[in-house]
Amino acid sequence: MRDFLVRVENKAYPVIVCSSLFSSHEWLKQIQFPSRKGVIITNTTVGPLYAEKVKKLFAEEKFDLSVVVVPDGEEYKELATAAEIYHELLRVECDRTSFLIALGGGVITDITGFVASTYMRGIPYFQFPTSLLAQVDSSIGGKTGVNLSEGKNLVGTFYQPEGVFIGLDFLETLPEREYVEGWSEIAKAAFLRGGDFLALLSPNVHSILARDPVILEELVFRSVHFKKGIVEEDEKEKGIRGILNYGHTLGHALEKTSGYGVLRHGEAISVGMMGAILIAEKMGYVSGDTVEMQKEILEKLGLPVTVPYAVDREQLVQTLLKDKKTVARSIRLVLLKDFGDPIYGVPVEFETVFAILPALIEEGPS
Ligand SMILES: NC(=O)c1ccc[n+]([C@@H]2O[C@H](COP(=O)([O-])OP(=O)(O)OC[C@H]3O[C@@H](n4cnc5c(N)ncnc54)[C@H](O)[C@@H]3O)[C@@H](O)[C@H]2O)c1
């Protein structure tokens, strides 16, 4: 088990990474909970697998937990689901002294954080991320949110959890495609950090894909620890935290243009990172060798480096034009000058984006 504290403006909270949260609950005794009453928020896939186990674990420490189950899927990360959860919380008499537990992937950790930050003007919550993507990314840093029909995460808050508990054995039941897409965020952290973190990826691909617990613990820990450093420096994303969006602007646009669910989030980020490095090459920041190295690592991990079907370019451009970071037909992107040397807020002309699109997506409408 490894742990550390994330120190943000007005609090510090523990992050625990361990092979199994259920094998010993010593860690649970160390955590300060606001009361003995809590509510697990989970979905129809993860709930049946783990909600009773978590409830039992907490019951052994004299906690009384209720469970609220919502449908599984990104399409349910919406205000209507949040409203359903508020009503359920009232029904189980969740009050301002109670706490929430997010038990699920990034959809559940995002919506639980959003509900926790707004229900009765804010109640405490804890993250139990169960997908790799949520373990290394969504559960850390306090970004919460729901989608609107116009785009992803358009409504949300910054609201830090009271603790994040990463049990690597949750990953045993994670489907292969969801497991592999989680590696895009670990690869992203490694590209941004460079050095010995990045050097661990290529030689360990077989162990990574075999879900070897030793390499998993090492790389998940390094990823969340990297994110902790950035979040502590810039909690509200006024500056340096922007580097965590490496590959995200293009990735989100591709995700949206393809129709949510066609390209999974992590897959879209992988293609988005390829777009960003091709742009960096075009603008003279990196060499072809750096582009090749990033491509090789992503491919070895089983991640896509191109969109495997046609995307409507006009729609893609319209989506990029609406991006929060677009100013007068130039988009602000995170680019690498080298691995471990990112720059953020770089203005990139739309023409440059157009120029690299043929290397990323097929011609013609989808
Ligand atoms: N807040 C942030 O900082 C942040 C960062 C990155 C992504 N996100 C958000 O995270 C979401 C994507 O997260 P995700 O990829 O985890 O998607 P997800 O929550 O939809 O989970 C993927 C699938 O795996 C299932 N699942 C999760 N854990 C499982 C387990 N242990 N066993 C079996 N099935 C399991 C889920 O039920 C779901 O069907 C997006 O909404 C994205 O916007 C948020």
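Residues are numbered from 1 along each chain as its sequence is written. Because the model is predicted, local features need pLDDT of at least 70 and side-chain atom pairs count only at pLDDT 80 or more, while totals for chains, interfaces and linings use all residues.

**Domains**

The chain splits into domain 1 (2-174) and domain 2 (235-360). These bounds come from an automatic or database domain assignment. The domain centres, taken over C-alpha atoms, are 30 Å apart. Eight residues from domain 1 and eight residues from domain 2 make the contact; two residues are in contact if their C-beta atoms, placed from the backbone, lie within 7 Å. On the domain 1 side, three of these residues are nonpolar, one is polar and four are charged. Here Ala, Val, Leu, Ile, Met, Phe, Trp, Tyr, Cys and Pro count as nonpolar, Asp, Glu, Lys and Arg as charged, and the others, Gly among them, as polar.

**The sheet**

Seven strands form an open, mixed sheet in the order S1-S2-S9-S6-S5-S3-S4. Helices (H or I, at least four residues) and strands (E, at least two) are DSSP runs, numbered from the N terminus. Two strands pair if DSSP finds at least two bridges between them. Strand S1 (2-8) and strand S4 (64-70) are the edges; each has a single partner strand, so one side of each lacks a neighbour in the sheet. Neighbouring strands are turned by 20° against each other on average, direction ignored. Axes are lines fitted to C-alpha atoms, for helices over the stretch in contact, and angles run from 0 to 180 degrees between N-to-C directions.

| Strands | Sense | Bridges | One partner pair |
|---|---|---|---|
| S1 and S2 | antiparallel | seven bridges | Arg 2 and Val 17 |
| S2 and S9 | parallel | four bridges | Val 17 and Ile 166 |
| S3 and S5 | parallel | four bridges | Gly 38 and Phe 99 |

Helix H3 (residues 79-91) packs on the sheet and touches S3 and S4; its direction makes about 150° with that of S4. Helix H9 (residues 213-233) also packs on the sheet, touching S1, strand S2 (11-18) and strand S9 (163-167). The direction of H9 makes about 15° with that of S1.

S1 and S2 form a hairpin with two residues between them. In S9, five of the five residues are buried, so the strand is largely enclosed by the rest of the structure. A residue is buried if 20 or more other C-beta atoms lie within 10 Å of its own, exposed if 12 or fewer, and partly exposed in between, with C-beta atoms placed from the backbone. Gly 163, Phe 165 and Gly 167 lie on one side of S9, Val 164 and Ile 166 on the other.

**An enclosed helix**

Helix H10 (residues 248-258) has eleven of its eleven residues buried, so it is largely enclosed by the rest of the structure. Charged Glu 255 and Lys 256 are among them. Its cover includes S8, helix H11 (265-282), helix H13 (313-321) and strand S11 (330-338). Gly 259 follows H10, with a positive phi near 95°.

**The ligand shell**

The ligand is surrounded by 28 residues, the closest being Gly 105, Gly 106, Thr 130, Ser 131 and Ser 138. A residue counts as near if its C-beta atom, placed from the backbone, lies within 6 Å. Helix H2 (46-59), helix H4 (106-118), helix H5 (132-138) and strand S8 (151-155) each supply at least two shell residues. The shell divides into eight nonpolar, twelve polar and eight charged residues.
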